[in-house]
Every structure is written in structure tokens, then in C-alpha cells.
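Colleague: Walk me through this model, please. I want to learn how to read its features.

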Amino acid sequence: MLKNFPQAPPLDAAMLNIIGLVYDAVLDPAAWQAVMETLVRRHGWHNASMIVLGLPQGEMVLTAGVNTENIGPEHAAEITELWGGHARLAQAPLEEPVLQSQLGDPSRWAESDFYNNWSVPRGIVDQVGLTLARDRMTMAGVGFAQHKSMTIEGWMLDELRALAPHLRRAVVVSRVLELHRSRAATLEAAMDAAEAGAVLVTGDMEVVHANAAAESMLSSGDPITLNNGRLRLAGEVAPGHLDAAVAAAAGGAVAMGRRGIGIPARRGDGTPLVTHVMPLDARNGKRLDADAVVFVADTGGATPLPTESMELLFGLTPAEARTFELVAGGHGSTEAAKAMGVAESTLRTHLLRVYDKTGRHSRADLARLIKELRLPG
């Protein structure tokens with residue numbers, strides 16, 4: 001059962017501490033356990049789990065959990081089916097809390113041995129899940145189990161939405177740094193060991209430190225360059241967004257929000273790439289002379305999705321971008337809500353925000369707009 005509240009509560013000191021723990025986990029994977037434990041205590045979940053899979057092989061890269069005893073890799077297929085299968089999970093928007101009972105088919109749960117032998121004896125009646133990564137390198141998500149004695153309230157979902165971009169950024173950056181099992185002594189050490197380009201910058205893009213991969217890029221002028229000692233990204237699909245993300249990072253993780261995750265660009269030869277911006281503070285390696293670290297990562301030849309450009313161009317959340325894509329593609333509200341695993345009322349809220357942010361007023365207007373969105377060839 002869900003209760004909807006009109007506004008999200010402000011981030012209190014406890015939530016700010018959780019966000020700090022999330023960024024601690026970038027350099028110290030053991031901190032993910034503290035993140036899960038803190039959220040279980042705060043919201044009253046029966047259990048919580050986080051899984052990061054490396055693709056395409058699907059190997060377990062990282063896992064953290066609370067009250068998840070006796071759950072192993074052998075249960076992965078059954079758990080996926082409870083969520084409606086891989087295809088349904090792939091339709092869920094990044095960062096948006098979804099209920100297992102809305103994405104999957106509760107009428108079939110009784111067919112599952114895992115549900116009957118693990119969930120039912122523990123009094124678990126539903127799950128809330130967040131997809132954090134879904135690209136050529138990574139599949140990642142977190143899940144929180146609802147005990148029959150608790151009610152999932154709107155403020156809990158609002159807090160998960162507020163936390164989601166930080167979880168997503170931390171997972172993506174961890175994968176870029178390839179820090180999954182061991183703690184890095186310093187941020188600079190982690191950067192220098194990374195194959196991706198990594199640059200420490202101030203809020204106005206002044207370069208403080210670059211790793212070897214980034215130095216090579218700067219020397220060639222592709223895809224990053226220096227202009228009077230300040231970092232510039234050539235071929236940025238949505239110009240100005242890297243600068244804006246770094247400037248926001250100077251104000252801290254909360255001020256940054258979801259900006260700076262997967263900013264699409266192209267090299268001089270047209271090869272696609274993305275940049276990620278991670279804010280720095282006293283907990284995750286803050287230096288007096290730097291405010292953020294910029295990572296320049298290969299996409300493996302995969303062109304960034306149109307939804308990612310929509311997020312940047314119009315400031316849409318991933319859920320709003322997915323709503324834009326479905327509605328503009330001709331899906332009705334019921335069909336789109338089912339595809340996303342959300343209630344129709346939630347979809348309508350997303351759609352109203354899409355209209356407001358894009359300046360459009362009808363589904364036909366959105367359909368015309370999406371035809372105009374093309375990544376440079």
C-alpha cells in the first residue's frame with residue numbers, strides 16, 4: 001500500500017550523512033554495507049540489497065545486503081521473474097522507485113519456490129527497487145523489502161528519489177575506477193590507476209591534476225583540451241552541461257543533484273563517449289584546490305540514448321525522460337504506466353513536469369519535438 005504526500009521532506013542531517021556514506025563507498029566498497037544498514041533503520045525495511053553486475057558476462061562485481069541470508073546467485077533467475085523478467089526490468093526508468101507488485105505479476109508469485117520458501121516465511125509482501133545502471137558495462141540496482149507490518153509511505157519514496165542520483169553516480173564512477181573489492185588509499189591513487197581519463201578541477205574548470213590517460217587526451221586535444229588552464233570538452237552533445245555540472249559540484253553533492261552523470265560527447269572521429277562528474281568533499285577526498293573530478297569514459301561504440309540527451313537538454317529526470325519517450329511514441333497513459341512499472345497517477349505527474357520543462361502542451365507537441373532531437377552524426 002502506498003501513501004502519496006504532496007511534497008518531499010527536506011533533507012535532514014541523517015539523509016545528508018547517508019549521501020556522504022554513498023560517496024565514501026566510491027573509494028571504500030565496504031561503506032555500501034553502512035548505506036544499506038542506515039536505510040533499513042531509517043525507513044523500517046525488512047531487508048535491503050544492492051547488486052552490481054559486470055556485463056556482458058554478468059559476473060557479480062559488488063553486493064551488499066542486510067537480512068539477506070541464504071540468498072545466493074542460484075536465486076537470481078527466480079528473483080528476476082518475480083520482477084516480471086529481464087524485459088520488464090529493462091523498461092523501468094533509472095532512479096525511479098518501482099514496486100515489484102506493479103512491475104511484476106503478483107498472481108504468479110505463488111509459483112515461485114523462492115517466494116514460498118524465503119519471502120513468505122519472513123512476512124515479505126512487496127519490494128521497492130531502483131535501477132542504478134543499465135549500459136554495456138554494468139547492470140546495477142538496489143531493493144528494499146516491505147514486511148507485512150509496514151506501510152510504504154510517500155516520504156520514503158521521495159527520499160529514495162533524492163538519494164537515487166547519488167547512488168547512480170557512485171556506482172558509475174566505481175565502475176570507471178574499477179574499484180570493487182579493495183579500498184583506495186587516496187583519490188589520486190585511484191585516478192592514476194584508472195584506464196579512463198580523470199581530471200581534478202576547481203568549480204571554474206581550472207585543472208589541478210590529470211591522470212596519464214587524461215594527459216594523453218589533453219596532449220592530442222581530443223576529446224578534452226586546455227584553454228587558459230581550464231578544461232574544455234570538445235564535441236559535447238549538449239554544450240555547457242559539463243561546465244554547469246562542475247560549477248554545481250562546487251556547492252556540494254546535494255546542490256549538484258543528478259547533473260554530471262553520463263554527459264554525452266564525441267571524439268574528433270565521431271566515436272561516442274561520456275563524461276561523469278563526481279563532487280568532492282571532506283569525506284571522499286576533498287582537496288583545498290579542487291571541487292570535482294571529471295571522468296572521460298569510452299562507451300564501447302554505443303551511441304548515447306535519445307533519453308539521455310533529453311535529460312540534459314530539458315533538465316528531465318530519468319523517469320520524466322522515459323515518460324517523454326513513451327508518450328511521444330504514441331503509448332497511452334495506461335500502457336506507458338505499465339511499461340514503467342508505476343501507477344497512472346505517477347505517470348500523469350511525470351507528464352505534467354515534462355510539459356512544463358519542455359514548454360510543450362500536448363502529446364502531439366512532444367511527438368514533434370522528439371523528431372527534432374538527433375545526436376550529431
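Modeller: Start with His43. Beyond its neighbours within four places in sequence, His43 is in contact (heavy atoms within 4.5 Å) with Met150, Trp155, Met156, Glu159 and Leu160. The model is predicted: local features need pLDDT of at least 70, side-chain atom pairs 80 or more, while totals for chains, interfaces and linings use all residues. Residues are numbered from 1 along each chain as its sequence is written, and side-chain values use heavy atoms, without hydrogens and water.

Colleague: Is His43 buried or exposed?

Modeller: Buried means under 20% relative accessible area, exposed over 50%, partly exposed in between (1.4 Å probe, protein chains only). His43 has 6% relative accessibility, so it counts as buried.

Colleague: Which side chain joins His43 in a polar contact of 2.8 Å?

Modeller: A polar contact is a pair of N or O atoms within 3.5 Å; within protein, one must be able to donate a hydrogen and the other to accept it, and residues adjacent in sequence count only if both atoms are side-chain atoms. Here the partner is the side chain of Glu159. The side chain of Trp45 also makes one with His43, at 3.1 Å.

Colleague: Where does His43 lie?

Modeller: Helices (H or I, at least four residues) and strands (E, at least two) are DSSP runs, numbered from the N terminus. His43 lies in helix 2. Gly44 follows helix 2, with a positive phi near 90°.

Colleague: Which residues of helix 2 are buried?

Modeller: An α-helix has 3.6 residues a turn, so residues three or four places apart point the same way. In helix 2, the buried residues include Ala31, Val35, Thr38 and Leu39. Their cover includes helix 1 and helix 7.
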